[in-house]
Amino acid sequence: MNFSRITALSSRIIRQVFRDRRTLVLIFIVPVVIMTLLYLVLTNTSSAHTLAIVSPSGAGSERINTLITNLLPGKDKLNVVYINANQVNDTLKNGNADAAVIFPPDFAQQVFMGQNPSVQIVLEGSDPNVANAMHDITESFTHQLGVAISVLKVQQAQAGQGQTLPPVLGGSLPFTISDPQYLHGGPQFTFNDSIAPVFIGIFSFFFVFLLTSIAFLRERSQGTIERVLASPMTRTELVIGYILGFMLFALVQAILILLFVIYALRVHYSGNLSLVFLVTVLLTIGSINLGIFLSAFAQNEFQIVQFIPLVFGVQIFLSGVFWPIDQLPAILRPISYILPLTYANEALRAVMLKGADLTDISRELIALLIFMVLMIMLSTLTMRRQIA
């Protein structure tokens, strides 16, 4: 074993890395940036859910409302908003609450007269994990409220107030809790159903970007572009041809991913699959041109790989894949709103989990269309500059 030869080889590798500034950035800067983003997200993301309460308003409701306020968890565990009965659906649909507990207006009167009123629970339902958590919270809260009301009735009877109050038999609650209603989804929806729309967007975006950037880099490095230009083909035709060629594979991939998720994985969905395909098409066309654009700044496949942490690492953390945008730290939200995956994720979730129509996701579609047009312009300018 010749250590001088080993040292010479090691020295050459070290010098080669030090001469490549992008490699140095990938090794030393990018991990720090990604870890900083992850730290900010994990330490500043709010995980408290919101419960809407439709309080009783009839005679004698003051005591019941006092019990409700005292039994609700603290603000660090649960945010509470008080609304009217006609605001329930809008409050849940707009994302201002994750669940609602609806008491009838004359709840207090019915309880103290032994009429066994009904309390309704409505879950937003688009995120099964949140829906399950809110179901447990509301169930525990209403049970504690029932026990507290039973104790209050006994205390009143012992104090001589309302001697004829009907007794609570066997530990049953003095009111009925109706089966939960779901604004979106239902009890059959699982975590896989909630995460599937996100992965449709991620996989479509990532693999198309990788395919396009590497393929176009090889076209340029092997001199294929120059040989094509020797033919009567114009530069404009060349640009359009490359985009359409890559687009074919992108569309086939989008169809394959969508069919696999729906029919092989049997993911539950609520909306129109054609809208899911439309969102995926806009995203993948933008990704095609993003790959063409960034390939102009790479000399080999390894440098293409260097773009992945910057292009996808930031988007995975900040596009709402794991944490809702409105729960991210305020300093990071502006970044989220310029990421294409943010709008793709919101649109795909809205269609598949909430049954949204074209009007409901128009904002997201416009954002993806802008991204697509911008990337086409940048890729076209880059290609023309390379072949000029």
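Okay, so when I say buried, I mean under 20% relative accessible area, with exposed being over 50% and partly exposed in between (1.4 Å probe, protein chains only). Helices, for us, are DSSP runs of H or I with at least four residues, numbered from the N terminus.

Quick housekeeping. This is a predicted model, where local features need pLDDT of at least 70, side-chain atom pairs count only at pLDDT 80 or more, and totals for chains, interfaces and linings use all residues. Residues are numbered from 1 along each chain as its sequence is written, and side-chain values use heavy atoms, with hydrogens and water left out.

Helix 10 first, residues 273-295. Of its 23 residues, 20 are buried, so this helix is largely enclosed by the rest of the structure.

Among the buried ones are Pro340, Tyr343 and Met352. Just after helix 13, Gly355 takes a positive phi of about 70°.

Now the rings. Phe, Tyr and Trp rings (six-membered ring for Trp) pair if their centres lie within 6.5 Å; planes under 30 degrees apart are stacked, over 60 edge-to-face, the rest tilted. The whole structure has 11 such aromatic pairs. One of them is Phe203 with Phe207, tilted, at 5.9 Å centre to centre and 40° between the planes. They sit 4 residues apart in helix 7 (residues 191-221), so about one helical turn separates them. Phe203 is partly exposed at 37%, and Phe207 is partly exposed at 40%.

Then there's Phe205 with Phe371, edge-to-face, 6.2 Å and 75°. That pair links helix 7 to helix 14 (residues 362-387), 166 residues apart, and both Phe205 and Phe371 are buried.

Definitions and conventions. Helices (H or I, at least four residues) and strands (E, at least two) are DSSP runs, numbered from the N terminus.
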